[in-house]
Each structure stands twice: as structure tokens, then as C-alpha cells.
Amino acid sequence: MPPKKNQAEAHRYTSPLEAQRNATKGQTFAMNLTVLRRMDPTIAEVIDMAGHVVVYHFDVRSQAWAKSDVEGSLFLVRRTLHPHFRVIVLNRSGMENHEMDVTPETLVQPESPYLICRSPSSPAVVGLWFYKEEEQASISSVLLSLINNPPPPPPSAEAEAGNHLRGMLGITSSSENSNGGGVP
């Protein structure tokens with residue numbers, strides 16, 4: 001008996017490219033998190049991303065923008081180590097990626113379709129050109145929120161592992177053992 005049509009379709013081969021096109025935003029973030037962690041194991045999560053950006057540098061002498069050799073997908077990530085937030089452009093045009101630490105001192109100015117940035121760790125002024133203006137708006141909004149209202153730092157992996165181990169062993173913190181200073 002031949003298989004029913006919908007059974008055959010359910011077992012049809014899906015190429016990795018087709019799977020990526022059909023992935024949800026969360027699935028896409030998870031796939032990219034694996035790749036990004038190969039570069040930096042302290043990356044805890046992908047906060048937002050843009051499909052294609054081009055990196056420009058401002059030349060102070062000529063007072064003009066110069067296109068760099070970096071273009072590709074942009075990721076805004078949270079890390080377990082300081083600085084806790086970073087922008088990474090995975091370069092499709094070469095071997096060197098662009099990375100910029102994000103701290104409360106980072107300067108960001110949205111100028112659609114660009115995002116102009118200066119990190120305190122570098123004197124260079126960088127312009128990021130976004131292929132999709134809605135991605136520029138999203139990244140700008142999240143960056144400005146992180147800069148203006150920084151969240152508390154995430155716990156380090158070592159602290160999380162220690163807390164998990166203490167929990168498995170039934171060890172509580174001294175504040176949980178405290179009974180107001182008296183002896184039981």
C-alpha cells in the first residue's frame with residue numbers, strides 16, 4: 001500500500017538552509033548562540049540580532065566615513081564576564097570580526113539606517129549601516145535601554161555551579177541558617 005501523501009511530506013528531507021528559513025526567532029538565536037560560544041564561551045545569550053550590517057569607521061583627518069572590510073550578521077549578546085554586553089559582527093568578507101563592548105559609557109546615536117557608536121574602550125567612531133531599517137530600530141532601542149538602564153550583572157558560571165552544587169548537597173547559606181542569633 002503506497003504511503004499517504006501527508007506521511008511522505010512529513011518525512012521529506014529538509015536542508016539546513018530551509019530549516020534556517022523556517023526557524024522561529026528563538027530557534028535562530030539558539031543556533032547562533034552555539035556558533036558565538038565557539039568564539040567566546042562567556043556568551044550567555046543572544047539578546048537581538050540583525051541579518052546584515054556593514055561597518056564604517058570615521059576618519060578624523062578627512063572628516064569622512066570609510067567602509068571597513070567587515071560586513072555580516074550583527075549580534076547583541078549578554079556575557080557572564082565584564083563587560084556583560086557586547087556587539088559582534090560576524091564578518092562574511094574576511095577573517096576579522098568587529099566587536100564592541102557595551103557599557104553605560106558607550107555612546108550611541110541612531111541615524112537611520114545607521115547606528116553611530118563609540119565605545120570607551122576604543123577612541124574610534126564606528127557607523128553600522130543596517131540593510132533593514134526595522135533591525136536598526138530594534139538594535140538601537142535595546143542598546144539605548146542597556147546603556148541608560150543597565151541591568152544587574154548576571155551571576156558568573158562559577159557562582160551558578162557553586163549554588164547548584166550546594167543545593168544538591170543540601171547546604172544552605174548562612175543567612176538561611178540564621179535564626180536571629182540565638183541557639184536552637
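This is a predicted model: local features need pLDDT of at least 70, side-chain atom pairs count only at pLDDT 80 or more; totals for chains, interfaces and linings use all residues.
Two strands are taken as paired if DSSP finds at least two bridges between them. Helices (H or I, at least four residues) and strands (E, at least two) are DSSP runs, numbered from the N terminus.

Residues are numbered from 1 along each chain as its sequence is written, and side-chain values use heavy atoms, with hydrogens and water left out.

I begin with the overall architecture. The protein contains six helices and seven strands, and their order along the sequence is α-α-α-β-β-β-β-β-β-β-α-α-α. The seven strands make an open sheet with antiparallel pairing, in the order E4-E3-E2-E1-E7-E6-E5. Strand E4 (98-102) and E5 each have a single partner strand, so they stand at the edges and one side of each is left without a neighbour in the sheet. From one strand to the next the twist averages 30°, where axes are lines fitted to C-alpha atoms, for helices over the stretch in contact, and angles run from 0 to 180 degrees between N-to-C directions.

Within the sheet, E1 and E2 run antiparallel and are joined by 12 bridges. In this pair, His57 stands opposite Ala66 in E2. Helix H4 (residues 133-148) packs on the sheet, touching E1, E2, E3, E4, E5, E6 and strand E7 (126-130), and its direction makes about 105° with that of E1. A contact here means heavy atoms within 4.5 Å. Of the contacts in the protein with a separation of 6 or more, 46% are between residues 24 or more positions apart.

Pro110 has Leu115 as its bridge partner in E6. The hairpin from E5 to E6 passes through two residues.

That brings me to the loops. Most residues other than glycine have a negative phi, and most peptide bonds are trans. The bond from Ser112 to Pro113 is cis, with omega near 5°, and Pro113 lies in the loop between E5 and E6. A cis peptide bond also joins His82 and Pro83, with omega about -5°; Pro83 is in the loop between strand E2 (64-79) and strand E3 (85-91). Gln63, in the loop between strand E1 (43-59) and E2, has a positive phi near 55°.

How exposed is Gln63? Its relative accessible area is 54%, so Gln63 counts as exposed; buried means under 20%, exposed over 50% and partly exposed in between (1.4 Å probe, protein chains only). Of the 184 residues, 33% count as buried.

Finally, the aromatic side chains. Rings of Phe, Tyr and Trp (its six-membered ring) pair if their centres lie within 6.5 Å, with planes under 30 degrees apart counted as stacked, over 60 as edge-to-face and the rest as tilted. By this rule there are three aromatic pairs. In one of them, Phe58 and Trp65 have ring centres 5.1 Å apart and planes at 65°, so the pair is edge-to-face. Phe58 is partly exposed at 26% relative accessibility, and Trp65 is partly exposed at 40%. Trp129 and Tyr131 are also edge-to-face, at 6.3 Å centre to centre with 70° between the planes. Trp129 is partly exposed at 25%, whereas Tyr131 is exposed at 58%.
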